[in-house]
Structure formats: structure tokens, C-alpha cells
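The exercises below concern the chain as a whole and then a single annotated site. Work through each task with the coordinates open before reading its solution.

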Amino acid sequence: MKLGTRLIHAGVEPDPSTGAIMTPIFQTSTYVQNAPGDHKGYEYARTQNPTRHALQNALAAIENGKHGLCFSSGMAATDAVMKLLSPGDEVIASSDLYGGSYRIFTKVYARYGVKFHFVNMHDAQQIAPFINAQTKMIWIETPTNPLLNIIDIAACAAIAQEHKVLLAVDNTFASPYLQNPLDLGADIVVHSATKYLGGHSDVVHGAVIVKDDALAEQLAFVQNSCGAVPGPQDCFLILRGLKTLHVRMQRHCENGEAVARFLREHPKVGKVLWCGFEDHPNHAIAKKQMRGFGGMISFTLKDDSQPAALKVLSGTKLFSLAESLGGVESLIGHPATMTHASIPREERIKNGLTDSLMRLSVGIEDAADLVEDLKQAIG
Ligand SMILES: *Cc1c(COP(=O)(O)O)cnc(C)c1O
């Protein structure tokens, strides 16, 4: 079955007791048993919930995985993956990461004795020198946030397999519509479902998808033991969001391209970062591993000062100034003071995340209106 069909049908069945076509929100904490141990597969809602179960199966199907696990946020999903590790283990992570991932690695897991190496993975061969006997995982994000760099997933997977370490890919920015890391050899896919999967800026949610049974068992153990599970209403909202992912993503891509090309022609605009440009440093890899280039764009102004950027940030009318991304409405953000404020300034600048950089999550409004809005804000 093709993705568009799977997004609508995978994992969900009409409710057997009523025929309700939409998976009900099973708002319950426990389930009645006929006799001790004689039950319908559900005992306690931290462990199992039918709404969550439907969503987990849907997520596994759309990422071409075998097992899906849902969490109360993207960070809770990342946290669960990190709990596969033990003190002394080492992780090689891409240097250009979501701020919250950098924070949990350096401020939480480093305290528990996990060592992180942050590596510019523009060329995947940069990873190899950091691998040693303690290395257990490679963690990447592609396209990266907010610099829209592209990392070659298949090349990372080859290195991970050669050294028998796990490759985890945060696929939040691409969504399964644009790329499926498990097909390229990754072991673990992580999503902040808050973003494109939910798609309507109305829920915080996370997911992990794997193929391997043993890995799924370990993650399910963490999910149940640590308990960062989503409520059934949140699972319902993600299930509803998934049904239009392909239609929304198609428009995000079209609008993203229109906005990127407009910005690039604008005399006051400096750099425009979008992986669809033929001269993007890793455009060839993007073309190879993605089915489109998405709606995330970052840019600077020729006047590379913070005040100039702040004027644009407060001047847009359709692009709302807000953190997050992936919703139907367009957002504009300032990574240095918003999403990436938790990364030390020197570290940020070193990676190219300058004070004037602005990030757009291009929504699915009419492209002409979005371009008009940016035109008036840039002036
Ligand atoms: C938002 C985001 C996260 C964190 O997800 P939450 O749902 O906010 O906890 C992780 N990775 C990326 C790439 C994100 O954009």
C-alpha cells in the first residue's frame, strides 16, 4: 500500500463494539478482568491503551517499521532512547541539533556518565575517528534545525553497521512523507509528533519507531517503567493529524519552494538556507534520500545585525512569531533567543547559528499571501 493510503487506514479498525469509524478515545486508567490474568489484553493504561495502540501501529506502518511507541513529548521519546544506554557509553551526535536534544544530552545524560561527541556530519566520514569500544549510538537529525544541513543517512548507517552501534535519526523535520530512515539502514526513528505528524499546533507528543523486536522490547520496557506515556486524547489528535499528512506536506513543500525562491531574489536578504537549492552543499544527498525539500527555511539579512532581524520578526502579520513548526499556519522564529537559547553562544556561532538568523516554518496558506507578508516585513 502507498503512503497516502497507509496514512489513512494503517493501524485503525472500526470500533468492534459500535462500528465507530474513528478510533474512540479510551479515557480509562484500568480495565476489568474476568478472573485474575483473564482479560482482553489490557490491564492498566500506562502499559496499554487501545487509542495509543492504534496510533503506535499506524506510526510503525508509515515509517516502514515494525514497532511504534508513543510518548508524552518528542523529548520524552528522545529520553526513552537514551535510556537504552548505561554509564560509560558514548554517543556521537551531529553538532547541529535541536536545542532540547543538545540540552538533555549535555545537562542530563552527561551527569549519568554518558559521553557525547558533537561532530559536524556534513561529511559522514567525520564520524569514524570518534568511534571506540564504548561507542553505542550515533544520533543524527536531518535536515538539521535550524541550519537545514543534510546528513547522509545511508552513509551513517553503513558506519553504524560496520562498528555494530545503533543509528538513531530524529525525523521530525522531514516527516515520513519526505524520508524513511529505517529504509536507509537506521535502527531507530524518533519524532516530535508535535510538529508535522500532528500538524495543527494543538498537541505535544513524541514517537519512536523501530524494526528490531529486541530493541522494541527494551523501549517498551522503558516506556512502561518510566511512564512518559501520552494520554488517549493526545493519541487521537495525532491519529487525526496523520490522515492528512501527505496532503499537508505536499503543500508545505510547494509553499516552501515559493518562499525560498522569493527570499533568494530579495535585495535585502543575505543567506537563504533551504535544501532544495541546487547549490545547497548537500543538495545531491537531499535529492537521493528525500522525496521533496519541505517547508523549513532559515535566512539572514544583508544587514546582519540583531535589530534588523528583530524588525522583521515583529513585522510579519501572517507568519506568527512563535517556537515550534510543522503546523498548518506559518511561523517565524529567532533560534538564537528562542529554540536554541540553551546552546552556549560560542557553540552556536561556531556552527553558523548567528544572532540574525531567522527560521520559517512555512504553512499551507496561499503562497502568494505568504510572500506578500515577508515582502512587507523585510521592507
Ligand atoms: C520539537 C523538536 C523536538 C522535541 O519535541 P517536543 O515534542 O517539543 O518535546 C525534538 N526534535 C526536533 C527536531 C524538534 O523540532
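A residue is called buried when its relative accessible area is under 20%, exposed when it is over 50%, and partly exposed in between, with a 1.4 Å probe and protein chains only as cover. The model is a predicted one, in which local features need pLDDT of at least 70 and side-chain atom pairs count only at pLDDT 80 or more, while totals for chains, interfaces and linings use all residues. Residues are numbered from 1 along each chain as its sequence is written, and side-chain values use heavy atoms, with hydrogens and water left out.

**Exercise 1.** Determine what share of the chain is buried, and how its radius of gyration stands against the globule rule.

*Solution.* Start with burial: of the 379 residues, 55% are buried. Next, apply the rule, 2.2 Å times the number of residues to the power 0.38, with the radius taken over C-alpha atoms. For a compact globule of 379 residues this gives a value near 21 Å, and the chain agrees because its radius of gyration is 21 Å. Finally, along the principal axes, the C-alpha atoms fill a box of roughly 75 × 50 × 35 Å.

**Exercise 2.** Locate lysine 195, and decide whether lysine 195 is buried or exposed.

*Solution.* First, lysine 195 sits in the loop between β6 (188–192) and β7 (206–210), where strands are DSSP runs (E, at least two residues) numbered from the N terminus. Second, its relative accessible area is 10%, so lysine 195 is buried. Third, beyond its neighbours within four places in sequence, lysine 195 is in contact (heavy atoms within 4.5 Å) with Thr172, Ser324, Leu325 and Gly326. Last, an unreviewed UniProt entry annotates Lys195 as "modified residue: N6-(pyridoxal phosphate)lysine", though such annotations may be inferred rather than shown by experiment.

Terms used:
Helices (H or I, at least four residues) and strands (E, at least two) are DSSP runs, numbered from the N terminus.
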